[in-house]
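Biologist: Could you give me a close look at the charged pairs here, and at the setting they sit in? Take your time and keep it connected.

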Amino acid sequence: MIPEPSQGDPISDEELDRFIELRLRMAGVDLSVLPEDDSSAPADRLRVLRSARNFLRNTASALSAAELDPQLVPPIPSTAVYPYLAAADAAGEDEESR
Amino acid sequence: LSVGERGRPEAGAGGGEPQDRQVDRRAFLSRIGALTAGVAAGAAWRPDALHAEPSPDAGRLDGVSPHLPPVHAVASRQVRPDVEAFWRAAADAVRRSGVPATEPEALTAWEAGVHIRAGRLSASRLVDACLNRAAQLDGVLKAFNTVTEVSARNRAREIDAGLAAGGVGGEPGLLAGIPLAIKDNVHTAGVRTTANAHMFRDFVPVEDATLVARLQEAGGIVLGKTQMGPLATTRALTPDGEITTVNAWAPDDPRVSPGGSSSGSATSVAARMVTSSMGTQTGGSITVPASSQGLTGLKPTMGRVSLRGVIPLTYTRDHPGPLARDARDAALLLQVMAGPDPGDPRTLGLPPVPDYLTASTPVGEGSTSRVRWPTRLGVPPGWAEGSDAASERRRAFLSAMREGGVEIVELALPAGWSELASGTFNAGRLPERSEPFLPWLREDVRLFGVALSSWIQGLLLSGDEYLKAQRARLALLRLALDEVFDRCDVVIQGNHLAFDMIGLPLITFPIGFRDGSEWGTYLGPLPDGVILGGAPFGEERLLAVTALWQARTGHHRARPADPGPQSSARVDEPRGRMGVEEVADQSE
């Protein structure tokens, strides 16, 4: 169900760091306020980036590569996702029954 | 198919049938699908409206949420718990055991309730006893962020006056006079609610969370707010990562985890500084600390207890519930906390709150006790095999279940279960924590202290990855409904993760003690708990099975020794710290 992700050319730490910081910048989040490398600080840039890289390399890529068994994934009824459709259906049935 | 259509005989020692037999499983699946698809609009907590009143159109009490489909298989009806029978049975049990009111903090909530109703114990005396212990012990244990001493004493006097006058309407509330601790991510009016995080350091809610209001309306007395993992991520730490709360069973060794993130809630009950407490669970935060400290912890089905006024971690996985001393105490708290709330759409359109009090009352005494309803217990192959002490404890548990009338069913996990309940799909919880906290992430990431990394990770998952993780939850739920609960009613769980992901109920309780040698030095006995999972709205059956075990054994009555003078001398010594990467790895 969770195949090994296809890595292609290895992505370097520097490339991943650039991706992470750009993504965060687009969301308005700035890591530069953290100390660069200070193990006594609650959070520093070096460790937060390392944790984010590990997350992307291991968890996110595995999630991206994962294939769910279609038989196990139930179709979500549209009426559950969009309750107004249930109301419309009910109204339609009322109309037809008249 | 509705569960009740399967035609199994339902008459048991207690008569009737529990609610897990009356729920339409397909409708439950559909409801969870709707919830995980993100249509639970009007979440119970928003960072920009901490004090907001619920919108008039957020849902209607006792009705069907406009956002979520109902799961009733039978006509909704009000269920009145049999309060009289509960207290009658409790009084009989107190009479038989002879437990006196002379050491009030040692009493369970139901024992204290019996003595209070009989006039042998006052709320003030019970509160004083607990406050005295907190003053004596909490310098070492560090279970509390805030002790609300003045308001607790005042409230106790009010309750005593009300009891002397015959109670409101003649019947005291279910929790009249019972001292409670509240996890510090739950709003308490006029009392700081910090979630052990920098951004809430000075946050004082103007109103109570729904569950706190209900506990107090039932006569519960809030003694304080408890230490927790920062933003409910790990064991209790300061926002910057210093270890605070210790395990009441090993107060001299901070390496022994108190369990997280409801660490202080568990330690406060285990050390008898309060009678019961509540916590929240997103990834084990009730069951792990309860199990670590010899308590009975219950994580209810998603939506059973309102999240209005609870600072979120992962909205579609956050579950408030009790950490208590036994099944009856857990039932008392759940009976009060559960129910529809227009401020939380997840709570609407559910089956009515059943009679947890009766479910938790043992049928018979001691070795003659029987399970209340015919129940099949699913046990993983090999779970109790082995020559070690842990296997012996497990065999003793299964033996007591059999003798009490429970059918033991060997049940291997369905194919695909382990992959679906893995850390890979569990990562789908992370964007849900990042999104409501974006204003703070944008303001200054240092506000997150040592908890920062998992909020950053939540911003890095793509939309398709998030959706795939949500679909995996539905696949896991389908496996649970079709291939687990088709063959059993209650199932032993190796850990909490799968049931946290799919919103089904869990209970944990002690089945004995281990020797603590895993920590390198002998630390004395440490509690060993078992975790049972239930079908949707299976809390009654979980309580009934727990009650059977606790009627036959006394492990839940064991209490840790108080910290000695040696511990007190170490109050100000550093207890160690966790770093930002470790917190991310262990985060709920």
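**Charged pairs and their setting**

Modeller: Let's start with B:D444, which is buried at a relative accessible area of 19% (buried means under 20%, exposed over 50% and partly exposed in between, with a 1.4 Å probe and protein chains only). Keep in mind that this is a predicted model: local features need pLDDT of at least 70 and side-chain atom pairs count only at pLDDT 80 or more, while totals for chains, interfaces and linings use all residues. As for bookkeeping, residues are numbered from 1 along each chain as its sequence is written, chains are lettered from A and ligands numbered from 1 in the order in which they are written, and side-chain values use heavy atoms, with hydrogens and water left out.

B:D444 has B:R446 as a salt-bridge partner, at 3.0 Å from N to O (a salt bridge being a side-chain nitrogen of Lys or Arg within 4 Å of a carboxyl oxygen of Asp or Glu). B:R446 itself is partly exposed, at 44% relative accessible area. Side chains of opposite charge can pair when their charged atoms come close.

Another one in chain B joins B:R308 to B:E207, with 3.3 Å from N to O. B:R308 sits in the loop between β5 (296-299) and β6 (319-324) of chain B, and B:E207 in the loop between β2 (179-183) and α6 (210-217) of chain B, so this pair ties together parts 101 residues apart in sequence. (Helices, H or I with at least four residues, and strands, E with at least two, are DSSP runs numbered from the N terminus.) B:R308 counts as buried at 13% relative accessibility, whereas B:E207 is partly exposed at 23%.

Over in chain A, A:D13, A:D17, A:R53 and A:R57 are linked in a network of salt bridges. Chain A has 4 helices and 0 strands, and 34% of its 98 residues count as buried. Of the contacts in chain A between residues at least 6 apart in sequence, 52% join residues at least 24 apart (contact means heavy atoms within 4.5 Å).

Now for the pair that crosses between the chains. How many salt bridges are there between chain A and chain B? The count is 1. A:R50 and B:E581 make it with their side chains, 2.7 Å from N to O. The pair runs from B:E581 in helix α21 (residues 580-586) of chain B to A:R50 in helix α2 of chain A. A:R50 is partly exposed, at 32% relative accessible area.

Around that bridge, 10 residue pairs are in polar contact between chain A and chain B, both residues being at pLDDT 80 or more. (A polar contact is a pair of N or O atoms within 3.5 Å; within protein, one must be able to donate a hydrogen and the other to accept it, and residues adjacent in sequence count only if both atoms are side-chain atoms.) On the side of chain A that touches chain B, the elements giving two or more residues are α1 (13-26), α2 (45-65) and α3 (78-81) of chain A. α2(A) gives the most, with 13 residues. This side divides into 30 nonpolar, 7 polar and 4 charged residues (Ala, Val, Leu, Ile, Met, Phe, Trp, Tyr, Cys and Pro count as nonpolar, Asp, Glu, Lys and Arg as charged, and the others, Gly among them, as polar).

In all, 41 residues of chain A are in contact with 46 of chain B. The two chains bury about 3,700 Å² between them, 71% of it on carbon and sulfur atoms (buried area is the accessible area, with a 1.4 Å probe, that two parts lose on being put together, summed over both). A:P42, A:F55 and A:L63 supply 18% of the area that chain A buries against chain B, more than any other three residues.

A word on confidence, then. The model scores ipTM 0.89 and pTM 0.91. Chain B averages a pLDDT of 90, with 89% of the residues at 70 or above (pLDDT is the predictor's confidence in each residue, from 0 to 100). Residues 1-13 of chain B stay under 50, and over residues 47-64 of chain B the pLDDT is below 50 too.
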